[in-house]
Amino acid sequence: MSVIESEEHQALRAAVAALGAKYGRDYLTNAVASGRHPAELWSEAAKLGYLGVNLPEEYGGGGGGIAELSIVLEELGAAGCPLLMMVVSPAICGTVIARFGTEEQKRQWLPALADGTRTMAFGITEPDAGSNSHRITTTARRDPDTGDWLLTGRKVFVSGVDTADATLIVGRTEDARTGSLKPCLFIVPRDAEGFQRRAIDMELNASEKQFELVLDDVRLPRGALVGDEDAGLLQLFAGLNPERIMGAAFAIGMGRYALARAVEYARERTVWKVPIGAHQAIAHPLAQAHIDLELARLMMQKAAHLCDAGDDIGAGEAANMAKYAAGEACVKAVDQAVHTLGGNGLTREYGLASLITAARVSRIAPVSREMILNYVSHQTLGLPKSY
């Protein structure tokens with residue numbers, strides 16, 4: 001792995017940055033205000049090959065990996081118009097189906113995910129399980145007469161279900177040999193009978209809404225199961241590693257956007273005959289924010305490299321670290337940006353105040369910083385488990 005980006009990656013950054021500049025923060029803000037999905041940006045990004053850049057070429061993708069997809073999301077974020085569903089649809093669901101799906105599932109979903117005509121949501125979190133995926137109670141059992149699956153359970157904080165064509169649901173099936181439950185993944189169409197959704201009233205303003213899902217004996221054909229029934233955690237983590245890497249890209253992009261606005265302001269805002277950026281009390285915190293974002297990006301790039309190389313164990317550690325570093329860097333960058341602008345940082349004109357809440361998400365989702373610290377202390381340092 002080179003720490004210097006290839007010419008191809010640099011060109012991809014420049015091209016996506018140009019697309020982001022065409023839309024920008026105002027476009028996304030207007031989409032949120034009108035309660036609509038940023039369809040124009042999504043469609044153009046797909047048409048240019050950015051949404052499916054990580055998916056196999058034989059199924060309409062770009063043949064790249066999470067390294068390329070994370071560049072796309074980061075640059076759109078740095079332009080002020082990140083697409084949250086990129087974390088879910090091509091990154092999590094696309095990766096899982098590409099690696100473990102049947103030929104029929106790949107042909108049905110991957111070309112449509114790549115060209116943006118279809119999207120897929122991802123449901124794992126449950127009201128009583130939280131960060132403990134081992135306590136998931138959504139269960140699937142077979143109908144002995146038909147061989148169909150019957151899926152029952154609840155999910156919360158599922159993004160974009162209202163616009164997604166299907167949701168990749170993490171459930172559990174019973175091992176016939178041991179009787180224990182093991183995780184499995186199912187594609188649930190949005191119009192499946194017994195599949196209900198309720199919007200969660202969030203303080204966070206985003207074009208992608210959050211939902212609670214109820215699955216009441218949702219009947220699914222045998223082909224709804226993704227991958228091997230016995231693969232268990234292997235398939236689950238194949239989706240969670242890209243999720244964490246893309247979460248880091250989202251946070252880094254947001255932090256870069258906020259920092260750029262603050263730097264621009266600090267150059268132009270003049271008090272006592274000099275720009276405020278000439279004062280170390282302003283300049284040094286902004287420089288620190290830039291350093292933190294750059295360091296987080298390096299860890300994200302390492303994680304993406306390991307993920308694309310198929311090293312799920314190594315990628316798991318690096319992806320968690322990248323997500324942690326990016327979340328912390330994002331929160332600090334946004335906070336310092338708002339502080340640099342003073343009162344102006346809280347006005348709609350400058351558009352930074354709304355990022356205060358959004359930045360906090362990067363510390364909480366898709367996995368909290370405390371659970372990452374648990375992971376590193378236990379898995380990396382070999383300390384006893386605290387839970």
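Predicted model: local features only at pLDDT ≥ 70, side-chain atom pairs only at ≥ 80, totals over all residues.
Across the whole structure, a search finds 22 salt bridges. Let's start with a pair of helices and then follow the charges.

**Where α3 meets α7**
- Helix α3 spans residues 66-78 and helix α7 spans residues 280-308; their axes come within 8 Å and cross at roughly 145°.
- On the α3 side, the residues in contact are I66, A67, E68, S70 and E74, and they meet R297, M300, A304, C307 and D308 of α7.
- Sorted by class, this contact has 5 nonpolar, 1 polar and 4 charged residues.

**A salt bridge between these helices**
- R297 and E74 join their side chains in a salt bridge, at 2.7 Å from N to O.
- This pair links distant parts of the chain, with R297 in α7 and E74 in α3, 223 residues apart.
- Both R297 and E74 are buried.

**Two further salt bridges**
- E243 pairs with R244, and their closest N and O atoms are 3.3 Å apart.
- Both E243 and R244 are buried.
- E328 forms a salt bridge with R369, with 3.3 Å between the closest N and O atoms.
- Here, too, distant parts of the chain are linked: E328 lies in helix α8 (residues 312-341) and R369 in helix α10 (residues 369-380), 41 residues apart.
- E328 has a relative accessible area of 11%, so it counts as buried, whereas R369, at 26%, counts as partly exposed.

- Salt bridges with shared partners join E5, R13, E74, E75, R256, E294 and R297 into one network.

Conventions
Residues numbered from 1 in each chain as written. Heavy atoms only, no water. Axes fitted to C-alpha atoms, helices over the stretch in contact; angles between N-to-C directions. Helix = DSSP H or I, 4+ residues; strand = E, 2+ residues; numbered from the N terminus. Contact = heavy atoms within 4.5 Å. Nonpolar A, V, L, I, M, F, W, Y, C, P; charged D, E, K, R; others polar. Salt bridge = Lys/Arg side-chain N within 4 Å of Asp/Glu carboxyl O. Buried < 20%, exposed > 50% of the residue type's maximum accessible area, 1.4 Å probe, protein only.
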